[in-house]
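Let's take a walk through this protein together, from its overall build to the packing inside. Please have the structure open as you read.

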Amino acid sequence: GWRFLEVAPKGWSGAAEDSKYVFGYYRTSENGTNLVVGTETGIGNGKENTQKLVAAMGSAAHTYYVGSTTTAEYAAKMCADYRGGGHDDWFLPSKDELDLMYRNLKRNNKGGFSGDLYWSSSEGGAYGAWGRYFDDGPQDYPNRSRSLEIRVRPVRAF
């Protein structure tokens, strides 16, 4: 097991602010039905969620709920690919892990978070996923599409 979550530092992606990415859609064919990978919301689920999302979507996630447009830069993959601090076990936090980041870091003016919406790795269905506003803290269920790129901050457990 693990006991702690480490949050990647501000600027982890090389930009001054946390980068924005699409969550992405998973489907088995260009014009197929959008599918749910089967992620969870709880503390301790972020790493497995990220692994499931990357295994399902692979090297490119669909960027719209229909059509063939894809991107290799989607939220879960960008976190899984991060290699900061000499570690290779970073992931996109679950809904409840993201809540811990908000309550313990952002509320205490730590971590250099913007006041924008951040993605979690928790799906809410085939067309949405959970996120959290870091300005006043409400959780939200935004669309997974390219038209809504949202900030991302990787974490790791140890």
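With 158 residues, a compact globule would have a radius of gyration near 15 Å, and the chain has 14 Å, which agrees; this radius is taken over C-alpha atoms, and the globule rule is 2.2 Å times the number of residues to the power 0.38. What you see is a predicted model, where local features need pLDDT of at least 70, side-chain atom pairs count only at pLDDT 80 or more, and totals for chains, interfaces and linings use all residues. Residues are numbered from 1 along each chain as its sequence is written, and side-chain values use heavy atoms, with hydrogens and water left out.

Let's trace the fold next. The chain has 3 helices and 9 strands, in the order β-β-α-β-β-α-α-β-β-β-β-β along the sequence. Helices (H or I, at least four residues) and strands (E, at least two) are DSSP runs, numbered from the N terminus.

Now look inside. Buried residues (under 20% relative accessible area, 1.4 Å probe, protein chains only) make up 46% of the chain. The largest nonpolar core has 22 residues, and Trp 12, Phe 23 and Met 57 are among those with the most contacts inside it. Such a core is a set of buried Ala, Val, Leu, Ile, Met, Phe, Trp, Tyr and Cys residues joined through side-chain atoms within 4.5 Å. Helix 1, helix 2 (75–81) and strand 5 each give two or more residues to this core, and helix 2 gives the most, with 4 residues. A second, separate core of 9 residues includes Met 101 and Tyr 102.

Those two residues are also among the buried ones of helix 3 (residues 95–104).

How values were computed: Buried < 20%, exposed > 50% of the residue type's maximum accessible area, 1.4 Å probe, protein only.
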